Amino acid sequence: MFKPDFIENNEAWCIWLLGNEFNGKASPQQVVERTGLTLEQVNGIILDLERMKAIRVERIPGKFPPENIKKIGLKSAGTILYEELLHGQIR
């Protein structure tokens with residue numbers, strides 16, 4: 001699981017993956033496969049990023065966490081965070 005050296009936490013790593021590798025959208029399972037984190041860890045990251053209004057979350061009705069998330073995608077605040085990571089402005 002290669003994580004760039006300048007990525008300091010899992011939330012930033014998820015933003016980086018969404019912006020750099022997943023073209024702005026991904027399923028939690030794609031993030032799990034890419035990072036090696038558990039689905040529960042990824043679910044926690046998703047909830048944190050959703051509270052920050054950095055991502056939008058598409059949920060599956062009738063399912064319970066952590067299996068209830070179908071897709072996540074960058075919102076404008078998440079795109080700004082990605083751009084800051086890309087240009088080395090936050091670490």
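1. Phe-6, Trp-16 and Tyr-82 make up one aromatic cluster in this predicted model, where local features need pLDDT of at least 70, side-chain atom pairs count only at pLDDT 80 or more, and totals for chains, interfaces and linings use all residues. Numbering runs from 1 along each chain as its sequence is written, and side-chain values use heavy atoms, leaving out hydrogens and water.

2. You will find two aromatic pairs here (rings of Phe, Tyr and Trp, the last by its six-membered ring, with centres within 6.5 Å; planes under 30 degrees apart are stacked, over 60 edge-to-face, the rest tilted).

3. Trp-16 is buried, with a relative accessible area of 9%, while Phe-6 is partly exposed at 23% (buried is under 20% relative accessible area, exposed over 50%, partly exposed in between, with a 1.4 Å probe and protein chains only). The rings of Trp-16 and Tyr-82 are tilted, with centres 5.4 Å apart and planes at 45 degrees. That pair links helix H1 to helix H4, 66 residues apart.

4. Now to the largest nonpolar core, which has 25 residues; Ile-15, Ile-55 and Ile-72 have the most contacts inside it (such a core is a set of buried Ala, Val, Leu, Ile, Met, Phe, Trp, Tyr and Cys residues joined through side-chain atoms within 4.5 Å). H1 gives this core its largest share, seven residues (helices are DSSP runs of H or I, at least four residues, and strands of E, at least two, numbered from the N terminus).
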